[in-house]
Amino acid sequence: MITIGIHHFFTSLNDLERIIRCPGRFKFEEHNVAAHSWKVSQYAMFFATLEEMNGATVNWKSLYEKTINHDFAEVFIGDIKTPVKHASPELKQMLAHVEEKMMEKFIINEIPEKFQSIFFERMKEGKDATLEGRLLEFADKLDQFYEAFAELKRGNTDREFVYMYQSALKKLLAIPLEATVKYFRNEILKDAVQEDTHIDIQALTNEILIDTK
């Protein structure tokens, strides 16, 4: 087996810039997977700092590795819409399995052998029960929240973005990160619903807040 070397991994990063999130829908602003990963790392950095200020111990190396790598496998299968991915537990599990196997094949074929064990660890599913895994989950969902918020703010009437907004909001409020969720609910969400929007964000938000009290 001929290993191309780390060069192929580096060039594959360009592919992430060409993978558009939420494909097939009209959007005022397109978002690609590479930019998404960077934003997720920024959100996670802020909320990890907040958790640390409230007494938590953060493994910063693990956090950054999880956030910047969490969607690399989309270079193989693209971005699959959230409603499709979560249509059934079986489908979600099958897609995760496909991503895992394609990532495994990529590492074996394209990463120099002396780095492979490190890449296997860094590229595995990062959303787990650790503080860093929960911060990744929160940050990932927060970017979905903001992408949907931006479309609704501009008046995009596609119901997909209403679903994305409310689904993301509901999941954000349920993630077991007390300091993070409290700050999001009391500070960030309060500011968001006060913005001038073409679609009634306050009403959409209240529908979820009432259900999560």
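**Note on a predicted helical chain**

1. A polar atom of the Q166 side chain lies 2.8 Å from the backbone oxygen of L204. That falls under the term polar contact: a pair of N or O atoms within 3.5 Å, where within protein one must be able to donate a hydrogen and the other to accept it, and residues adjacent in sequence count only if both atoms are side-chain atoms.

2. The model is predicted: local features need pLDDT of at least 70, side-chain atom pairs count only at pLDDT 80 or more, and totals for chains, interfaces and linings use all residues. Residues are numbered from 1 along each chain as its sequence is written, and side-chain values use heavy atoms, with hydrogens and water left out.

3. Q166 sits in helix α9, residues 159-174. Because its relative accessibility is 14%, Q166 counts as buried (under 20% relative accessible area, with a 1.4 Å probe and protein chains only). Apart from neighbours within four places in sequence, Q166 is in contact with L204, E207 and I208; contact means heavy atoms within 4.5 Å.

4. The protein chain has eleven helices and zero strands. Both are DSSP runs, numbered from the N terminus: helices are H or I with at least four residues, strands are E with at least two.

5. Of the 213 residues in the protein chain, 45% count as buried. Among contacts in the protein chain with a separation of 6 or more, 72% join residues 24 or more positions apart.

6. The C-alpha atoms of the protein chain fill a box of roughly 60 × 45 × 30 Å along the principal axes.

Definitions and conventions. Buried means under 20% relative accessible area, exposed over 50%, partly exposed in between (1.4 Å probe, protein chains only).
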